[in-house]
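Biologist: I've got the model open next to the sequence. Can you walk me through how you get from the numbers to the labels?

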Amino acid sequence: MQRSHIFFFSTIPVSFLLVFLCFSSISMADSQIPSSSEAKVHIIYTERPQDQEPEDYHIKTLTSVLGSEEAAKEVLVYSYKHAASGFSAKLTPEQVAEISKQPGVLQVVASQTLQLHSGPGKMHI
């Protein structure tokens, strides 16, 4: 009987250590996951403005969601004026939902960075 007590007490620290490590790794993983309300760059495709400069139109559209022209200028990343009509801006998911409802907004797409790479056996130009 004494032997089983020794076994029981010798396994407590190991069990405690395993539980501690599990919870520690979970909390560390949670802190590395970006918040769902974190602002990310999106491309907003709009109708081509007829009576004003594209960038002014883009800022006006952003201002309607963000509340001020200063805030709109702060999140505006780029205004597309030639091949497409639209702009890119750093927006939260809530702001994306709101700007999608604005008049003249055709589509909102999350921006993606793609890496081009080549490896052995691929043609190099």
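Biologist: What makes β2 and β3 a pair of strands?

Modeller: This is a predicted model, and in it strand β2 (residues 76–80) and strand β3 (residues 86–91) share 4 bridges, running antiparallel. Pairing takes at least two bridges, so β2 and β3, with 4 bridges, count as paired. Leucine 76, for one, sits opposite alanine 89 in β3. The link from β2 to β3 is a hairpin of 5 residues.

Biologist: Why is threonine 46 called buried?

Modeller: Its relative accessible area is 4%. Buried means under 20%, so threonine 46, at 4%, is buried. Threonine 46 belongs to strand β1.

Biologist: Which residues is threonine 46 in contact with, leaving aside neighbours within four places in sequence?

Modeller: Tyr57, His58, Ser85, Gly86, Phe87, Gly104, Val105 and Leu106. Tyr57 and His58 are in α2, and both are buried there.

Biologist: What covers the buried residues of α2?

Modeller: The cover includes β1 (40–46), α3 (69–75), β2, β3, α4 (93–100) and β4 (105–110). Among the buried residues of α2 are Pro54, Ile59, Thr61, Leu62 and Val65.

How values were computed: Residues numbered from 1 in each chain as written. Predicted model: local features only at pLDDT ≥ 70, side-chain atom pairs only at ≥ 80, totals over all residues. Heavy atoms only, no water. Helix = DSSP H or I, 4+ residues; strand = E, 2+ residues; numbered from the N terminus. Buried < 20%, exposed > 50% of the residue type's maximum accessible area, 1.4 Å probe, protein only. Contact = heavy atoms within 4.5 Å.
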